[in-house]
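User: I would like to learn how to read a model like this one, feature by feature. Please start with a helix.

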Amino acid sequence: MNFKTLLIFLIVGIAAIGNSQGPTRKDIFGTTSCIGCHGQSAMGGLGPPLAQAKLKLKDFSSIVRTGKGMMPAIKEGELNDADLASIYTEVQAKPWVPDEIPIAYKVGQFLSPKSVSHIFLAAFLFAAIFAIRGLSYWLKCAAVKDLLPAVGQMGWFKAVGTILKSLVVDGICVASLYQADKKRWLLHGLLLYGMCGLILSDVLIAIFNPQRGQLPMTNPLKLLPVLSGLAIALGVVYVMYRYKKDDYIDNGVTLGKDFLFLNLLVHVVVSGFLVVTLKRFGVNDWVMTIYMYHLAAVFFLIVTGPFTRFQHMYVVPALAAVTRLTEAVVASGVDLGFEREPSPGRHHKSTKIAADVLKHLGEEGPIVMRYYP
Amino acid sequence: MARYSMLIDLTRCIGCDACTLACKQENGTPYDTFFARVLNVESGKYPNVKRIYVPVLCNHCDDPACLKSCPNKAIVRRQDGIVLVDQERCKGTGACVSACPYGNIILHRNEEEWYLDETERYEKEFVKKRLKQNVARKCTYCAHRVDQGLNPACVVACPTTARIFGDLDDPNSEVSIYIQEQAEQTGRKPFHLLEEAGTQPAGCYLATMAEQVPHTMGQTDGIGEAKDYESRRTARGRK
């Protein structure tokens, strides 16, 4: 299914490139990225219709130069003043054909950086609520509540230090994978650090380039997302390859959810790169549509996150941190009321089991566990 | 489709730890690794005290938390319900150790104690190195034995047959018959440990019987008749 989608995208992309013509002096509008949103006949797309525009040239160029709503700011380097002026006269001369106003505009007029960011904020909130719910399930499995008295004996300062160290070493650095298999660590890192890079660049762009103006390739704000995207693309290709080749990828329980995550990621990456590539080759009529598709794919990636393989991003570091905390409690040698436990570090779970069994037997009262009787 | 399960009758367990040893021998588990543990639980306050033995081992859940937490897909649930940790794929992250609500996954990182080198005949011919160093490991229901139609080692070793192993989906399997018999004769229904964890374990337990009334299976002549038992108890001055 992935390959088919990829193929369709490529065919569409190539066909679109084939259709595009070189710029002629008469029709600058038709060759610019304007048509992506305002339509080939300037009767609108996701952006408003420009035909017979009643704006003055001054206002028109100020919108172009500073951006408005979802429209990015377009600087001198991309479009000089003379071309801007001729575009202005061109679109004013276009005929007003109300039948050509597309439905997309009726949706598009509600989209602004603000409304889009609100949609994504809502998606993040939704994901966060379910992520916290999921995490509380895992912490209940880990019997963290029953471990806390022993942690208290060991000292909270040390406990926080252990957890933070584990989050960095096991979480961000993925130390266990690095020790066991450096190649896998690198390929996993492409995805992990690529994702980190994308999130970081999105935050930086929101701060330093909120109108999403076109930047040169050498600008760090452009370089970071492109390199991160490349890393993710490479990583995704590897993961897809592994899912095809690895006979043991089906663990009998989670395969469907794993594939949902991988497929969404493929859609996000492919559509993201198509946007960049099509823009680069000047195939402007497709850019906005595919960009919208890209945003939708990202939206679904976030919303389904807590239920797909995506969740391993926070579940695994959290559980590994609890494991390290338990190991630290055992190593610190605090008095847990017995001399030594076979395979230490599971006393809190054993007492929970014992209490549960006694509940089934209709007994209550204090429990003492004996090891090596 | 088979659904393997182990039933542990707590009334029968005498806490001898034969299962622990049989498991260690069969699986060749290294230092401080116990797949089949027996919890010795004392409860209550003098004079109303009680001691019970609770054998615990991997429950081979239908919805295993350890499996879902594994980032390396090293934990697999077979079609017959047996959950295994793939020793080659495991990278020793340790997420599963915390994820298991029963504490039945054992991971020693930076393991120093390991098998001796294969220099002597004993190490060459008898020690079974089924496990890899520094990775997570757990009970396999002796999958290698089950695949040959044998019972797990702990089941074979149990002197009181407190452990009954079999296929829950097969009404004629040992475990299904035992469950049915016990429901009819003693009214006991099997329960799972920590059901609120929601992992749907396969392993189940039968409670101890506070009032042990021996069933004579139609015999009326003498030994262990219910009435007799009751009168002996009262004679000894117990409540």
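Analyst: This is a predicted model. A helix can be checked by comparing its expected span, 1.5 Å times one less than its number of residues, with the distance between its ends. Helix α8 of chain A (residues 156–172) has 17 residues and should therefore span 24 Å; its end C-alpha atoms are 23 Å apart, which agrees.

User: Which residues of α8(A) are buried, and what do they pack against?

Analyst: A residue counts as buried if 20 or more other C-beta atoms lie within 10 Å of its own. In α8(A), the buried residues are Thr162(A), Ser166(A) and Asp170(A). They pack against α9 (175–180) and α14 of chain A. After α8(A) comes Val174(A), with a positive phi near 50 degrees.

User: How many residues are in the largest nonpolar core, and which have the most contacts inside it?

Analyst: Such a core is a set of buried residues joined through C-beta atoms within 7 Å. The largest one here has 80 residues, and Leu319(A), Cys66(B), Cys96(B) and Ala99(B) have the most contacts inside it. Helix α14 of chain A (residues 312–332) gives the most to this core, with 10 residues. Leaving aside residues up to four places away in sequence, Cys96(B) touches Cys66(B), Ser69(B), Cys70(B), Ile75(B), Ile105(B) and Ala136(B). A second, separate core has 27 residues, including Leu190(A), Trp286(A), Val287(A) and Ala297(A).

User: How many residues does each chain bring to the contact between chains A and B?

Analyst: Chain B brings 45 residues and chain A brings 43. On the chain B side, β2 (37–45), β3 (48–56), α2 (65–69), β4 (75–77) and α3 (95–99) each supply at least two residues. The largest share of that side, eight residues, comes from β2(B). By type, the side of chain B that touches chain A divides into 23 nonpolar, 11 polar and 11 charged residues.

User: In which sense does β2(B) pair with strand β1 of chain A?

Analyst: Strand β1 of chain A (residues 367–370) pairs with β2(B) in the antiparallel sense, over four bridges. Within β2(B), Glu42(B) stands opposite Val368(A).

User: Which domains does the assignment give for chain A?

Analyst: The domain assignment gives domain 1 (32–105) and domain 2 (113–316). Their C-alpha centres lie 36 Å apart. Contact between them involves 16 residues of domain 1 and 11 residues of domain 2. Helix α2 of chain A (residues 35–38) gives the most to the domain 1 side, with three residues. That side divides into seven nonpolar, seven polar and two charged residues.

Technical notes:
Residues numbered from 1 in each chain as written. Chains lettered and ligands numbered in written order. Predicted model: local features only at pLDDT ≥ 70, side-chain atom pairs only at ≥ 80, totals over all residues. Domains from an automatic or database assignment. Contact = placed C-beta atoms within 7 Å. Nonpolar A, V, L, I, M, F, W, Y, C, P; charged D, E, K, R; others polar. Buried ≥ 20, exposed ≤ 12 C-beta atoms within 10 Å, placed from the backbone. Pairing = 2+ DSSP bridges.
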